[in-house]
Amino acid sequence: MTKKVLITGKDSYIGTSFIKYCKENNYDLIIDEVDTRNDKWKQADFSQYDVVFHVAGIAHANAKKSQSDLYYKVNTDLTIEIANHAKKNGVKQFIFMSSIIIYSSSKLNNGEITKDTIPYSKDPYGDSKIKAENGIMPLSDENFKVVILRPPMIYGPNSKGNFPKLVKLAKLTPIFPDYDNKRSMLFINNLTYLIYLIIKDKEKGIFFPQNSDYVKTSDIVKFISIIHSQKNFLTKAFNPSIRFLINFKFFNKIFGNLYYRKDMSFYSKETYQVVNFFDSIKITENVK
């Protein structure tokens with residue numbers, strides 16, 4: 001039986017990528033979108049949908065810290081309101097896009113996140129996501145299955161955020177530090193396939209999706225150089241300085257560790273990690 005999915009958050013990167021991926025693979029889903037930047041979503045007939053996939057939100061790039069009330073209004077209050085509306089109208093599954101950012105102020109052992117790590121964020125973006133999770137999880141039951149996704153950095157063709165900035169840097173600099181670090185990342189196709197599986201398998205609970213392999217920042221630079229036939233020299237000469245500067249936010253974002261334990265991301269029914277890292281960079285950069 002074909003399922004009907006409503007994406008709340010029109011024209012989002014993840015939402016449009018999900019629609020494109022499902023169409024390309026002829027998945028048995030009927031997918032609609034609704035804008036949440038006004039009250040039009042309240043006029044949509046939620047009762048005709050099996051799943052609501054909530055992707056609307058304000059990220060770091062869209063609001064200043066001085067506008068913290070906007071984070072809570074959109075990321076927290078709107079999420080809880082839509083989830084309650086969905087449950088009231090008989091929707092069977094509610095999928096919420098949270099983020100690894102909810103651990104931005106958590107106590108971590110060298111950047112490792114485990115299932116026992118308590119989410120904590122001093123940042124309004126991260127805290128608003130935590131409060132949204134706490135607001136919708138009590139709604140979950142056998143008739144209304146709540147799914148929370150906590151992805152790390154998401155990248156892919158035309159993606160936004162830190163990854164395109166790193167790509168640009170890799171293309172501009174001929175020398176880059178060969179510093180050992182470990183990051184969880186998630187290619188958009190791996191994410192969209194997991195979302196499809198979650199819908200197909202009628203899942204509920206919290207998921208920690210990531211690529212099958214951790215990534216070292218210098219490897220990203222190296223792979224980008226390789227696929228564009230550019231010369232890039234990796235050196236350990238800057239490593240003593242990086243070790244000194246790693247506690248500063250700018251350097252930690254580039255060279256720090258931040259990763260989920262791999263056993264947290266295992267999906268028992270089928271692997272969703274369908275594209276390896278090197279191939280994902282080629283797809284992202286549109287290189288054959």
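A crossing of two helices is left-handed if the near helix is turned anticlockwise from the far one by less than a right angle, and right-handed if clockwise. The views below show a predicted model.

**View 1. Helix H4 crosses helix H6.** In a right-handed crossing, H4 passes H6. Helix H4 spans residues 162–172, and its axis lies 9 Å from that of H6, at an angle of about 60 degrees. The two helices, H4 and H6, are therefore oblique to each other. From H4, the residues in contact are Phe-163, Leu-166, Val-167, Ala-170 and Lys-171, and from H6 they are Thr-217, Ile-220, Val-221, Ile-224 and Ser-225. Sorted by class, this contact of H4 with H6 comprises seven nonpolar, two polar and one charged residues.

**View 2. Helix H6 packs with helix H9.** Helix H6 (residues 217–227) and helix H9 (residues 277–284) have axes 10 Å apart and an angle of about 55 degrees. The crossing of H6 and H9 is right-handed. On the H6 side, Ile-220, Phe-223, Ile-224, Ile-226 and Ile-227 meet Phe-277, Phe-278, Ile-281 and Lys-282 of H9. The contact of H6 with H9 has eight nonpolar residues, no polar residues and one charged residue.

**View 3. The largest nonpolar core has 53 residues.** The members that touch the most others are Phe-18, Phe-53, Ile-95, Leu-149 and Leu-191. Helix H5 (residues 188–200) gives the most to this core, contributing nine residues. A second, separate core holds 23 residues, including Leu-6, Leu-78, Phe-94 and Leu-139.

**View 4. Surroundings of Phe-18.** Leaving aside residues up to four places away in sequence, Phe-18 touches Ile-7, Leu-29, Ile-31, Phe-53, Thr-192, Ile-195, Tyr-196 and Ile-199.

Definitions and conventions
Residues are numbered from 1 along each chain as its sequence is written. This is a predicted model: local features need pLDDT of at least 70, side-chain atom pairs count only at pLDDT 80 or more; totals for chains, interfaces and linings use all residues. Side-chain values use heavy atoms; hydrogens and water are left out. A nonpolar core is a set of buried Ala, Val, Leu, Ile, Met, Phe, Trp, Tyr and Cys residues joined through side-chain atoms within 4.5 Å. Buried means under 20% relative accessible area, exposed over 50%, partly exposed in between (1.4 Å probe, protein chains only). Helices (H or I, at least four residues) and strands (E, at least two) are DSSP runs, numbered from the N terminus. Contact means heavy atoms within 4.5 Å. Axes are lines fitted to C-alpha atoms, for helices over the stretch in contact, and angles run from 0 to 180 degrees between N-to-C directions. Ala, Val, Leu, Ile, Met, Phe, Trp, Tyr, Cys and Pro count as nonpolar, Asp, Glu, Lys and Arg as charged, and the others, Gly among them, as polar. Angles under 35 degrees count as roughly parallel, over 145 as roughly antiparallel, 65 to 115 as roughly perpendicular and the rest as oblique.
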